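Okay, thanks for making time, everyone. I've got one model to walk through today, so let me put it up on the screen.

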Amino acid sequence: MASTSSTDHESNAPQAEEVCPICQGIGYLRANVPLGHPEFGKLSPCACQLARLATRRADMLRTLSNIEIYARMTFDTFAPEGHGLPSDKRANLRWAYEEAESFAKNPQGWLLLRGGYGCGKTHLAAAIANACVEHGQAVLFVTVPDLLDHLRAAFAPTSTSNYDARFSQVQTAPVLILDDLGTESSTPWAQEKLFQIFNYRYNAHLPTVITTNHDLEEIALRLRSRLVDPDLTRIVSISAPDYRRAGVPQDQSDLSTLSLHAHQIFENLDLREGELSAEDEENITRAIEISRDFAKNPKGWLAFTGTYGIGKTHLAASIANERMKLGQPALFIVVPDLLDHLRATFNPQSIVTFDQRFEELRRAPLLILDDLGTESATPWAQEKLYQIFDYRYNARLPTVITTAKQIEDLDPRLASRMLDVSLCTLFAIMIPPYRGGASLKKKNPRRRR
């Protein structure tokens, strides 16, 4: 390239673009080969043209990914020790940080970051993207729903780029980072486009980072088959809770109303000595024993039935409080409140999405549902409860349920899960209510009425 004088550099006047001395500004060269050579007469891009194309392509990827809004998400601003995490989760988060940092230094293969909302997946993925940009590497960072929207927009008459060009940008991006896989609308078209992108990059071994809140089993089989190849993909599961809730006791969800039941523990449960019949005493004693055993080692489901005021909620809260005392998570919620929380996410002012709330309920390490059957039995409510029940049933996640209804009066789909004796311990508390009525002051505690 011809050099410019220092005077030219100091001038404020617009500078004419330098002409490449090799191609004289044409941008393409004809190979100097003899007649009959396969390359004879063919044009190939000059080095200057290749540099311009690479710069233009990097600019297009940067525009598409809108990485500027994630500029603050770097490895320096990530807290690899978390905020007040127990040692095992601190170690897990540190491991995820180191895996992401290693990938950023040498982008090769695929990296899958999975975990709950707010655990830091997006921050780590954006940190990889920012590190690549800093090192001069072209990168495309995009959430999966936005990616599909960009592809659909290419069909619009006003689009400045055609679909094929935009799709090729995604398929062949030097580094592709797909955030929030599984939150997209799962239409056949969307699944087909994602598979085409995954398959192309899988076969070409192009560096790819993917984040998801979903278990692998919930991802479409064709996509999952590309994600689980151990020769290509490094899977990092992050167990840390939502870091944005620093200051809230760890593993205590803001959905939980357990704080209202902090006083309800096994030690202060009223055994009503001298009040109950021998049969009733045996019944409540057995309920307490079952609850204590479950609190020590929550496995499967535990469901208490019986009328109001007999201690079902106290037992359920005692289990939750015992787990929290041991430093283990427990989400305690009244069923009508659960549905109100889900409905509230549809408010435009809600800072939490429906998917976040729903996933938190479905996947809670220990979920305690109080007063099942008191909710408004709309088709929507029944469907949401069934989805929660069905997921936890198939995943064998520890769950405690209380209800004042007879099992046969519940939604048959819910009842069928509770009646599975291989998973659920169903216990009927038969004692009379604590509150109101002469039953509290029976003169002859040993004789049933």
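The chain has 14 helices and 12 strands, and of its 449 residues, 48% are buried. If you look at contacts between residues at least 6 apart in sequence, 77% of them join residues at least 24 apart.

What order do the strands come in? Reading across, it goes S9-S10-S11-S8-S12, an open sheet of 5 strands with parallel pairing. The edges are S9, which is residues 331-334, and S12, and each of those pairs on one side only. From one strand to the next, the twist averages 15 degrees.

S9 and S10 run parallel and are joined by 4 bridges. As for burial, S10 is mostly covered, with 6 of its 6 residues buried.

There's also a helix over this part. H11, residues 335-344, lies across S9 and S10, and it runs at about 95 degrees to S9.

Now over to S8, residues 301-305. Which strands does it pair with? On one hand there's S11, residues 399-403, paired in the parallel sense over 5 bridges. On the other there's S12, residues 424-428, also parallel and also over 5 bridges. Thr-305 is a handy residue for seeing both pairings: its bridge partner in S11 is Thr-403, and in S12 its bridge partner is Ala-428. While you're zoomed in there, have a look at Phe-304 too, which stands opposite Phe-427 in S12.

So are the residues of S8 buried or exposed? Buried: 5 of its 5 residues, so call the strand mostly covered. Going by direction, Trp-301, Ala-303 and Thr-305 point one way, Leu-302 and Phe-304 point the other way, and both groups are buried.

Okay, last stop, the helix pair. Just as a reminder, two packed helices are described by the angle between their axes and the distance between the axes. Here we've got H12, residues 354-363, and H13, residues 379-395, packing at about 45 degrees with their axes 8 Å apart. That angle is why I'd call H12 oblique to H13. As for handedness, H12 passes H13 in a right-handed crossing.

Which residues make that contact? From H12 you've got Phe-354, Phe-358, Leu-361, Arg-362 and Arg-363, and from H13 it's Trp-380, Lys-384, Gln-387, Ile-388, Tyr-391 and Arg-392. Sort the residues of that contact by type and you get 6 nonpolar, 1 polar and 4 charged.

To wrap up, the two things to take back to your own viewers are the open parallel sheet with the order S9-S10-S11-S8-S12, and the H12 and H13 pair, packed at about 45 degrees. And again, please remember that this is a predicted model. That's it from me, happy to go back to any of those views.

Technical notes
Residues numbered from 1 in each chain as written. Predicted model: local features only at pLDDT ≥ 70, side-chain atom pairs only at ≥ 80, totals over all residues. Heavy atoms only, no water. Axes fitted to C-alpha atoms, helices over the stretch in contact; angles between N-to-C directions. Parallel < 35°, antiparallel > 145°, perpendicular 65-115°, else oblique. Left-handed = near helix turned anticlockwise from the far one by under 90°. Contact = heavy atoms within 4.5 Å. Nonpolar A, V, L, I, M, F, W, Y, C, P; charged D, E, K, R; others polar. Buried < 20%, exposed > 50% of the residue type's maximum accessible area, 1.4 Å probe, protein only. Pairing = 2+ DSSP bridges.
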